[in-house]
Structures are given as C-alpha cells and as structure tokens.
Amino acid sequence: MAERTAELKTKNEELEAFSGSISHDLRAPLRAVQGWARALREDYADLLPSGALDLVGRQEVAAMRMMEMIEDLLRLSRLSKHPLRLRNWDPAETIKEVWQMVIAADPAGNRARLLQSGDLPACEADPALLRQVLGNLLENALKFSRDKDMPQIKIQGWIESGECIYSIEDNGIGFNPAYARRIFQPFQRLHSLRHFEGNGIGLATVKRIITRHGGRIWAHSVPGEGATFFFALPLSMPALEEAAPTGKVR
Ligand SMILES: Nc1ncnc2c1ncn2[C@@H]1O[C@H](COP(=O)(O)OP(=O)(O)OP(=O)(O)O)[C@@H](O)[C@H]1O
Ligand SMILES: [Mg+2]
C-alpha cells in the first residue's frame, strides 16, 4: 500500500512537472501569434476589408484567452511546489477578510448575506492557501446566486471522525449533480461564459490545496435550488509530520 502510494505520488509529481513545463513553453509561440495578429491589424488596417479585420480581432481575443488558460495552468502546477506552512488556522477570521473582497468584486455584493451558523472549528492548515480556498468558494457561491433577489450563503463547520468539515451553501442556480466530480477538473465549466465570467480554474485550485493538506472536497446540488460545497481537513496530519519532523513546513 505504502509502495503504491509512493508510486502514485511520483507519477503525480512527474505529471505536474510535465504540464508546468509544457505550459511554460507554450507561452513563447503564443506571444508571437499575438504579436503578428496585432501587427496585421495595426499595419495593414487600410488594406484589409472589414471582414478580415474582424477575423483578426477574433484571433486576438482567442489568443488572449489561451494565454490566460496557460497562466492558470502554470499557477496550478506551481501550487504543488509551494511548501505547506501549517498553523493553527481560525476560519472565522479568514472568512471575514475574504468576504469583504468577494462582495466588493461582485455586482450583487451589496444584496448578499453571509450567515455563519455556530462556531467554526479551528484546524491545522496553511492559512494563505486556505484563504485561496475560501476566496474561490465564496466567489463562486455569490457569482452563481447573483440572479437571486437576496443571495444567501451559509457557512458551517463541525468535527467528525477525526476531520474538520466545513460547508458553504448558497441559494443560487446550482448545477447538474451528474457533474459534481467533473467541476473540480481544470477548465470544466457548466455555465456559459456569457452569463457567468470565469476560466474554470477556481475549483481545480481549491481541490489541489485541499488534497495537499491530506483532505477531501465534494459538492451537492439541486438545480435551481443552490449548491453546497464541503471540504474536510484531517485534525492531525501524521503523514505530513513524518515528512517534516522538525517543523510543520513541507
Ligand atoms: N456555487 C456554485 N453553484 C453552481 N455552479 C457552480 C458553483 N461553483 C462552481 N460551479 C460550477 O462549476 C464550474 C467550475 O467552477 P470554477 O470555480 O472552477 O470555475 P469558474 O468560477 O467558472 O471560473 P474561475 O473560478 O476560474 O473564475 C463553474 O463554471 C460552474 O459551472
Ligand atoms: Mg470560480
């Protein structure tokens, strides 16, 4: 079992290094494509019919989107190398701070309500990474309930079978539960870009962070009634402590 885990870990690391270097190498030719499209538009504007100029413009938009996706993939692969700095993490503090940013950035921010039911258990985690987790989950919760008169997000936390479990529930449009696993893969989006902006990288990032902590993440939804995202962090992390016996940094 230990051998199989080590083997899988090596395979995963190789795959991450591979996707990291691929995305890194893809940036240079893509920049060239962007540069030539811009040169075509700027230097030959008088010679090209408007239909051709329109196509060049579309090419530039698509190339920009591809550059964003490459950068997202690079960030995701860098995340795996970021050392875990474990501390006693107080979720309530992070939530307060992150929520302010989330409501400031969303057009429905001034109509939204955040409810915390009961105390949230503290846990051992990397606070900077958990800030990203909550930022992404709260941002999604508000984005996909933006169409409601009163977007409402409820946060709960409890301890169960050696894990701290947290849930974030919204009253938004929800998603088809058949895709409850797929949404954690990079660039998997269930809602159109026209209605809801985004690259589809947030939940992949969240999952990467939670699994690095030895935790789990999952989601439930009833379409039209909202979605609930759960994540569980182990109360103690023997595997991590073994890997870093002198401290809590891995
Ligand atoms: N709270 C939610 N309610 C309904 N659907 C959701 C919710 N959270 C995520 N989803 C679905 O899962 C998809 C993936 O989410 P993810 O956060 O990875 O991407 P995104 O929010 O579209 O873009 P990004 O996070 O990169 O800005 C979303 O596009 C949406 O279809
Ligand atoms: Mg998102």
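This is a predicted model: local features need pLDDT of at least 70, side-chain atom pairs count only at pLDDT 80 or more; totals for chains, interfaces and linings use all residues.
Is aspartate 106 buried or exposed?

1. Five strands make up an open sheet, and reading across it gives the order E2-E4-E5-E7-E6. The pairing is mixed. At the edges you will find strand E2 (113–116) and strand E6 (216–222), each of which pairs on one side only. On average, neighbouring strands of this sheet are turned by 15 degrees against each other, direction ignored.

2. E2 and strand E4 (residues 152–160) run parallel and are joined by four bridges. To see how the two strands line up, find leucine 114, which stands opposite isoleucine 153 in E4.

3. Next comes a helix. Helix H3 (residues 91–105) lies across E2, E4 and strand E5 (163–170). Its direction is at about 175 degrees to that of E2.

4. Between H3 and E2 there is a loop, and aspartate 106 has its place there. Back to the opening question: aspartate 106 has a relative accessible area of 10%, and because buried means under 20%, this residue counts as buried.

5. What surrounds aspartate 106? Leaving aside neighbours within four places in sequence, aspartate 106 is in contact with Leu142, Lys143 and Arg146.

Key
Residues are numbered from 1 along each chain as its sequence is written. Chains are lettered from A and ligands numbered from 1 in the order in which they are written. Side-chain values use heavy atoms; hydrogens and water are left out. Two strands pair if DSSP finds at least two bridges between them. Axes are lines fitted to C-alpha atoms, for helices over the stretch in contact, and angles run from 0 to 180 degrees between N-to-C directions. Contact means heavy atoms within 4.5 Å. Buried means under 20% relative accessible area, exposed over 50%, partly exposed in between (1.4 Å probe, protein chains only).
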